[in-house]
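Please look over the sequence and the model below before reading on. The paragraphs that follow go from the whole chain to its sheet and then to its helices.

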Amino acid sequence: MNLRPETVPTHTLSDLTNRLVPSPRMPVLFVGHGNPMNALADNTFTREWERVGAGLPAAQAIVVISAHWLTPGGTHITDAPRNPIIYDFGGFPDELYRVKYETHGDERVARILAEHLVEYEARLDSQWGLDHGTWSVLKFLAPAPQVPVLQISIDYSMPLPKLYELFGRLRDLRRRGVVFIGSGNIVHALNRVRWGGGPAWDWAEEFDAQTADALATRDVAKLVDPYRSWSAARIAVPTDDHYRPMVAALGLLEPDEEIGFFNTEIDMGSVGMRSFITAA
């Protein structure tokens, strides 16, 4: 990958941030993306994505934090002028590999993001595109975006409390027209999936309810330490790759900012689709 440390030799952070016009506070979303086949579906999940997307305010940029871009030991930001689609899965029908989602990036917006994360030595990446954690939901939330779409990677080596703090550094950009979207799944136990369909496992429902309550009450201490907070976490979150985008979205919320849930079902027994958006 073409990675390079962020440098801004001719602009200050103030100069760059002025490229984004002050705006009303933009929403933060966390979306449970689930099965890649949702990208081809007309179901309760995708219809809800369409409904939520139709209500989003006009943004100046969309920035997604996807569970499918994990970078060990660093944070990367896409800055290519065009975003290639990444089909980061295998064994699915050919139709899924023909899905298109045309978007452009913006190096100036990428530099603004990187400058806000300069303490974390964020790097720009012109090779990564949009993985399925991003395009499979954006094609419903924002079918034909006229604004730049970027991704920020998840540093998989970073403890969850630090990840929460990192994304908190970007909070003020919500008042510069940036809509942030975390894309993952709070309950994500693929080793327990009921491929033929069926009810949710008891432990999946338990963990979903516990985290939903913590989100509603903004109990950040529990949410950034799930394995110590809840016994069901070890089964519901065997690895925390899909849980991390929720922590990122949590970090972007203002203190005491309320959220509303949607798509609260658990799919295939062990994939939690619970999503949230900040209240208007």
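Among contacts in the protein (heavy atoms within 4.5 Å) between residues at least 6 apart in sequence, 81% join residues at least 24 apart. This is a predicted model, in which local features need pLDDT of at least 70 and side-chain atom pairs count only at pLDDT 80 or more, while totals for chains, interfaces and linings use all residues. Residues are numbered from 1 along each chain as its sequence is written, and side-chain values use heavy atoms, with hydrogens and water left out.

The protein has ten helices and 13 strands, where helices (H or I, at least four residues) and strands (E, at least two) are DSSP runs numbered from the N terminus. Its radius of gyration is 18 Å, close to the 19 Å that the globule rule gives for 280 residues, so the protein is as compact as a globular protein of that length; the radius is taken over C-alpha atoms, and the rule is 2.2 Å times the number of residues to the power 0.38. Of the 280 residues, 57% are buried, meaning under 20% relative accessible area with a 1.4 Å probe and protein chains only.

Turn next to the sheet. Six strands form an open sheet in the order β7-β3-β9-β2-β13-β10, with mixed pairing; two strands pair if DSSP finds at least two bridges between them. The edge strands, each pairing on one side only, are β7 (149-151) and β10 (259-262), and the twist averages 20° from one strand to the next. Strand β10 runs antiparallel to β13 (residues 275-278), to which four bridges join it, and Ile 259 has Thr 278 of β13 as its bridge partner.

Which strands does helix α4 lie across? Helix α4 lies across β2 (28-32), β3 (61-66), β7 and β9 (178-184), and it runs at about 140° to β3; angles run from 0 to 180 degrees between N-to-C directions, and axes are lines fitted to C-alpha atoms, for helices over the stretch in contact.

Helix α4 (residues 132-141) also packs with helix α2 (residues 44-54), at an angle of about 60° and with their axes 7 Å apart. The two helices are therefore oblique to each other, since angles under 35 degrees count as roughly parallel, over 145 as roughly antiparallel, 65 to 115 as roughly perpendicular and the rest as oblique. Thr 46, Trp 49, Glu 50, Val 52 and Gly 53 of α2 make this contact with Ser 136, Val 137, Phe 140 and Leu 141 of α4.

How values were computed:
Buried means under 20% relative accessible area, exposed over 50%, partly exposed in between (1.4 Å probe, protein chains only).
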